[in-house]
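Good morning, and thank you for making time for this item. I would ask you to keep the sequence and the coordinates open while I speak.

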Amino acid sequence: MAVSLDLPADAALAERHEKAPAVGERLPVHSAVCFGCADIPHGLRLASWVADDEAGAAVVTSRMELRPDQQGAPGLLHGGLLTSAFDEVLGSVVALVTRPCVTARLETDFRRPMPIGRTLWLRGRVDGRRGRKLYVSGTAHLDDEHGPVVGTAKALFLKVEMEHFLKNSRPEDLEALGVSPEQIRAARS
Ligand SMILES: CCCCCCCCCCCC(=O)SCCNC(=O)CCNC(=O)[C@H](O)C(C)(C)COP(=O)(O)OP(=O)(O)OC[C@H]1O[C@@H](n2cnc3c(N)ncnc32)[C@H](O)[C@@H]1OP(=O)(O)O
């Protein structure tokens, strides 16, 4: 049975961590090979900045150029890529609060077609936190940060320990990040 993504009444405000980038700063790519944010030919190549929020919650704004190699219906963005873009934006905003986290559930509503050649502006906000659970929401706008809403999303992210990656990721990719074979073996023993 699907679990609700609605913010629980007793969720706490999720502010940026004291060491997280400040409002206005551009976020670094979180991995040189990330499909969402890295500058790689087949990636989404999202550029993201920390944004302000009246209530003090963590917020990120991201830009994505819609390319001809991203079509689903002729001349329109493939729907799955909007979901991927939300995963990236919402994953980036939870990382301002705590990390590492992984997506447990992500729901996308497709409101308007997204023509190739245009720009998407996405916004992600951590609406609240309850223990390991971070409740997040996002909107996607066409051409401008305040342009027409073409999609919305809600998600639940869960805080995990580094062992999550040490146990599950491909060893050669961990080693490329500087993790030793001994650390990987120890996590898996
Ligand atoms: C070294 C280099 C590092 C490098 C680090 C780089 C970081 C990059 C981050 C990239 C992030 C991604 O790409 S994420 C990629 C896509 N996501 C994933 O691959 C995640 C795959 N799923 C999982 O591994 C697992 O299901 C987890 C971790 C999400 C949850 O497993 P778990 O930790 O055992 O937790 P579990 O006990 O099941 O659930 C805890 C609570 O959450 C609720 N819960 C769990 N799943 C869901 C769900 N889908 N929808 C609603 N609620 C859920 C449960 O009901 C429970 O509530 P209650 O009973 O407590 O109330």
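I shall go through the helix, the core, the strands, the ligand shell and a few backbone details, in that order.

Please bear in mind throughout that this is a predicted model.

Let me begin with helix 1, which covers residues 79–94. Its end C-alpha atoms lie 23 Å apart; at 1.5 Å a residue, 16 residues should span 22 Å, so the two values agree. How many residues of this helix are buried? The count is 12 of 16, and helix 1 is therefore mostly covered, given that a residue is called buried when 20 or more other C-beta atoms lie within 10 Å of its own. Among the buried residues are Leu82, Phe86, Val89 and Leu90, and also Asp87 and Glu88.

What do the buried residues of helix 1 pack against? Their partners are strand 1 (47–51), strand 2 (59–65), strand 3 (101–110), strand 4 (119–130), strand 5 (133–142) and strand 6 (149–159). Leu90 gives a specific example. Apart from neighbours within four places in sequence, Leu90 is in contact with Gly124, Val136, Gly138, Ala153, Ala155 and Phe157.

This brings me to the core. The largest nonpolar core contains 35 residues. Ala85, Leu90, Val93, Val94, Val126, Leu134 and Val136 are the ones with the most contacts inside it. At least two residues of this core come from each of strand 2, helix 1, strand 4, strand 5 and strand 6. Which element gives the largest share of this core? That is helix 1, with 7 residues. As general background, nonpolar side chains tend to be buried together in soluble globular proteins.

I turn now to the pairing of the strands. Strand 2 pairs with strand 4 in the antiparallel sense, over 7 bridges; within that pairing, Glu65 has Thr119 of strand 4 as its bridge partner. Strand 4 is also joined to strand 5, again antiparallel, by 10 bridges, and here Leu122 is partnered by Ala140 of strand 5. The hairpin of strand 4 and strand 5 has 2 residues between the strands, and Gly131 in this hairpin takes a positive phi near 60 degrees.

Moving on, strand 5 and strand 6 run antiparallel over 9 bridges, with Tyr135 opposite Leu156 in strand 6. Strand 6 is in turn joined to strand 3 by 9 bridges, in antiparallel fashion; there, Asp109 stands opposite Thr152 of strand 6.

Next, the ligand. The ligand is surrounded by 17 residues, of which Val3, Val102, Ala104, Arg105 and Phe165 are the closest. Strand 3 and strand 6 each contribute at least two residues to the shell, and the largest share, 4 residues, belongs to strand 3.

Several backbone features deserve attention when the coordinates are inspected. Arg99 and Pro100 are joined by a cis peptide bond, with omega at about 0 degrees. Pro100 is located in the loop between helix 1 and strand 3.

Is Arg45 exposed, buried or partly exposed? It counts as partly exposed, because 18 C-beta neighbours fall inside 10 Å.

Pro181 counts as exposed, because it has 10 C-beta neighbours inside 10 Å. How far apart are Pro181 and Glu145 in sequence and in space? They are separated by 36 residues in sequence and by 45 Å in space, C-alpha to C-alpha.

That concludes my presentation, and I am glad to take questions.

Terms used:
Residues numbered from 1 in each chain as written. Predicted model: local features only at pLDDT ≥ 70, side-chain atom pairs only at ≥ 80, totals over all residues. Expected span 1.5 Å × (residues − 1). Contact = placed C-beta atoms within 7 Å. Core = buried A, V, L, I, M, F, W, Y, C linked by C-beta atoms within 7 Å. Pairing = 2+ DSSP bridges. Near = placed C-beta within 6 Å.
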